[in-house]
Amino acid sequence: MKKISVLLAVTALASVMATSAWSKTLVYCSESSPEGFDPGLYTGGNTFDASSRTVYSRLVEFKHGSTEIEPGLAESWTVSPDGKEYTFKLRKGVKFQTNDYFTPTRDLNADDIIFSIGRQLNSDNPWAKYVAGGSYEYAEGMGFPKLIKSIDKVDDLTVKFVLNRPEAPFLADLAMDFASILSKEYADKLQADKKMEQMNQQPLGTGPFAFVAYQPDAVIRYKANETYFKGKEKIDDLVFAITPDASVRAQKLKSGECNIMPYPNAADIKDLKADKNLKVLEQAGLNVSYLAYNTLVAPFDKVEVRKAINMAVNKQAIVDAVFQGSAKVATNPIPPTMWSYNKDIKDDAFNPEEAKKLLEKAGVKDLSMKIWAMPVSRPYMLNARRAAELMQADLAKIGVKVEIVTYDWAQYLKLSSAKDRDGAAILGWTGDNGDPDNFLDTLLGCDAVGGNNRAQWCNKEFDDLVKKAKQTADVKERTKLYEQAQVVFKREAPWMTIDHSEEFVPMTKNVSGYHQDPVGVHRFDGVDIAE
């Protein structure tokens, strides 16, 4: 079966490369298969690359290479003086894509906005659980059901969001992937035909590329959207060649089988930079990697145990082994490049003897635990298995027995969010919008327990600080509150903070117009390739 899958993948890719003789084709060697194609349901960057950043658009967008907001499907907007009403004026004449099953009869209007966001706010909505086991994890974790009072249609091209309270990062939140806009007309037809799950399999949006086909674990094909409201892309065909092994991705890049690859092995970067046919973009990542304890399950409900594990692990050795100089040990849950980073906080010292004393103080003996290792490379964690092995060796020195477990990526993300999950899970985050709220509340707030909050940690002192911070527009006041929240975080230790990494994107020299993105996504709108 494995040989057949590889043969199919190679055949599919060869077919794709052959098309470049008559169309302009860019091949992206992606690191893993998407969980699905409805970005509202997921949080994985690989899924967003394959769905929200190709097929879909949002009311507002981030400018290429920054977290600055610019118009998207909304050409303009106004905010009420009390910060509770956001009114968006939609572009006229925006077309939805078509496929063999569906041809739209109208342009984008307010109904599509209300459907796309509204379905994520109400558990009684027929689209709330249309995918088995699925949930709107981002919207729920960010508190959108409690935040948004109503979404009102003023007229076909005007929509108003009414909030229950001011929310400083709200506009930036709407530029995030989960806020992508879907076609209500398409959804209505799927629902009437009892084919709702097709929304997650055959996406249809207003974005720069239209979905063509997906061969699981092998290849995804897109074509330029002829009716894209910003104009047809220079690339005719976009192909995701799914290649989980970073070394194989590098080989494909060097041989010309693909044009761009993400997440190279640290050991390969020097060689990639030396290749005269390639160029390598790099920047400090807006990211963090961490080990999330399940604070609801003994003995990790005790802060002494969490602190003991933190102090038993040599994080510098992990960074050296996994990143070879392209990352720094993390102290806080937000990166040092982000505003409100608390530089006065000291990290838990590497001190195995003190770790033993803390376990004794907690009354914990003969501790056995699981460490979950991510099966995929991410900029913040290139090799989770290696990191877990180093943790395992360090913890053995204080008498803690570690079993390393893993799952395929979709299962890993789903199972690691369970409130009864055993052990501690290696995960990470690249900021979505440049705001500290996207780390502190999204990953550690009480609303995110059972979702993005893999530590299942609900601390009232911390939660009150981050909730208060998002309700004021005063950056100085927000900074003060976030600095205080980081003190609480470090004291309570729901995570072992591991690293903040640099990010590298190697590509062939004939690629132009690609911008490295601070929020970690890979966008292909505006990209060209010389023949």
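## Basis of the values

Residues are numbered from 1 along each chain as its sequence is written, and side-chain values use heavy atoms, with hydrogens and water left out. In this predicted model, local features need pLDDT of at least 70 and side-chain atom pairs count only at pLDDT 80 or more, while totals for chains, interfaces and linings use all residues.

## Disulfide and cysteines

The model has one disulfide, a term that stands for a pair of cysteine sulfur atoms within 2.5 Å. The partners are Cys446 and Cys458, with an S to S distance of 2.0 Å. The link of Cys446 and Cys458 is right-handed, with 95° about the S-S bond. Both Cys446 and Cys458 lie in the loop between helix H15 (437–444) and helix H16 (460–470), so the pair ties together parts that are 12 residues apart in sequence. Helices here are DSSP runs (H or I, at least four residues), numbered from the N terminus.

Cys458 is exposed, with a relative accessible area of 51%. Cys29 is buried at 0%, and Cys258 is buried at 1%. Buried means under 20% relative accessible area and exposed means over 50%, with partly exposed in between (1.4 Å probe, protein chains only).

## Nonpolar cores

A nonpolar core is a set of buried Ala, Val, Leu, Ile, Met, Phe, Trp, Tyr and Cys residues joined through side-chain atoms within 4.5 Å. The largest one has 145 residues, and Phe88, Phe161, Tyr222, Leu395 and Ile426 have the most contacts inside it. Helix H13 (residues 384–396) supplies the largest share of this core, six residues. A second, separate core of 15 residues includes Val27, Leu253, Met261 and Leu272.

Leaving aside residues up to four places away in sequence, Phe161 touches a set of residues that includes Leu59, Tyr86, Phe88, Ile113, Ile117, Ile148, Ile151 and Phe170. Lys84, Glu85 and Ser150 are also among the residues that Phe161 touches. Contact means heavy atoms within 4.5 Å.

## Helix H12

In helix H12 (residues 352–361), the buried residues are Ala355, Leu358 and Leu359. They cover an arc of only 100° around the axis, which puts them on the same side of H12. The arc is that of the directions from the helix axis to the C-beta atoms.

The buried residues of H12 pack against helix H10 (303–312). On the face turned away from the buried side, H12 carries the exposed residues Lys357, Glu360 and Lys361. Just after H12, Gly363 has a positive phi of about 75°.

Note on methods
Helix = DSSP H or I, 4+ residues; strand = E, 2+ residues; numbered from the N terminus.
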